[in-house]
Amino acid sequence: MARISLTPPRTLFFRAMEWYSKRTYGKVLDPGRAMAHNSRVLWSYLRFEQSVAKFRTLDGDLKMLAEMTSAAAIGCAWCMDFGHWEGNRRGMDPRKLRDVPLWRESDVYTPLERDVMAYAEAMTANPPEDDDALSARLLAALGEAAFVELTMMVAVENMRSRFNSAMGLTSQGFKEACDLRDAPAGKSRPTV
């Protein structure tokens with residue numbers, strides 16, 4: 001249960017955010033509802049997320065796996081729920097989305113994906129765990145610009161997941177809105 005009312009004052013700014021959220025995601029995102037109790041926080045956060053959305057150096061699937069691994073390590077149900085939806089919308093392999101919490105036991109990830117997930121998990125630990133060998137492998141595989149973006153995306157997801165967890169935000173049903181079953185060979189999965 002959310003620790004703050006998810007019915008903030010219906011300011012003009014909140015109504016504009018509400019309209020955009022419904023249009024883009026099909027519903028008003030609970031983190032936005034929570035932040036709308038402080039319009040400066042919401043405005044700053046939205047501008048920040050717009051800037052983050054323009055990062056394009058790191059492969060999108062690697063970015064998604066890093067974010068979801070961080071969210072799983074923190075235990076953010078809202079972020080995992082939304083991550084499934086976003087990954088499905090991107091066309092990611094549903095097995096990769098489903099196996100994130102148990103990625104070490106799964107056989108669906110490439111060695112690079114495993115390194116990205118290990119890095120996200122290590123960065124999310126408190127205190128963060130340093131692994132020079134892992135960082136060196138990622139730098140060699142990704143290059144400096146993508147490695148910096150990976151590091152920033154894990155840090156951003158830590159902020160998101162910790163805010164959502166502290167606010168008591170849980171699943172909004174995004175995962176249930178997408179078909180995460182494996183698609184038959186040759187057939188595409190439905191999109192949300």
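Trainee: What is the volume of the largest pocket?

Mentor: About 1300 Å³. The volume is the space filled by probe spheres set on grid points, which are joined across faces, edges and corners. Of the 43 lining residues, Y25, E49, A53, F82 and R160 are the closest to the pocket's centre. This is a predicted model, where local features need pLDDT of at least 70, side-chain atom pairs count only at pLDDT 80 or more, and totals for chains, interfaces and linings use all residues. Residues are numbered from 1 along each chain as its sequence is written, and side-chain values use heavy atoms, with hydrogens and water left out.

Trainee: What makes a set of points a pocket and not a cavity?

Mentor: On a 1 Å grid over the protein atoms alone, a cavity is a set of points where a 1.4 Å probe fits but cannot get out. A pocket is an open set with protein on both sides within 12 Å along at least five of seven lines. Lining residues have an atom within 4 Å of a point.

Trainee: Which helix gives the most to the lining of the largest pocket?

Mentor: α3, with 9 residues. Helices here are DSSP runs (H or I, at least four residues), numbered from the N terminus. α3 spans 39–52, and α9 (144–166) is another helix that supplies at least two lining residues.

Trainee: Why is the contact between E18 and R10 called a salt bridge?

Mentor: The rule asks for a side-chain nitrogen of Lys or Arg within 4 Å of a carboxyl oxygen of Asp or Glu. E18 and R10 have N to O at 2.8 Å, so the pair qualifies. By this rule the count comes to 12 salt bridges.

Trainee: Why is E18 called buried?

Mentor: Buried means under 20% relative accessible area, exposed over 50%, and partly exposed in between (1.4 Å probe, protein chains only). E18 has 11%, so it is buried. R10 stands at 48%, so R10 is partly exposed.

Trainee: How do you know that R33 and D30 form a salt bridge?

Mentor: Their closest N and O atoms are 3.7 Å apart, so the pair meets the rule. Both lie in α2, 3 residues apart, about one turn of the helix. R33 is partly exposed at 22%, while D30 is buried at 13%.

Trainee: What makes E67 and R160 a tie between parts of the chain?

Mentor: Their side chains meet in a salt bridge at 3.6 Å, N to O. E67 lies in α4 and R160 in α9, so the pair ties together parts 93 residues apart in sequence. Both residues are buried. E49, E67, E157 and R160 are linked in a network of salt bridges.
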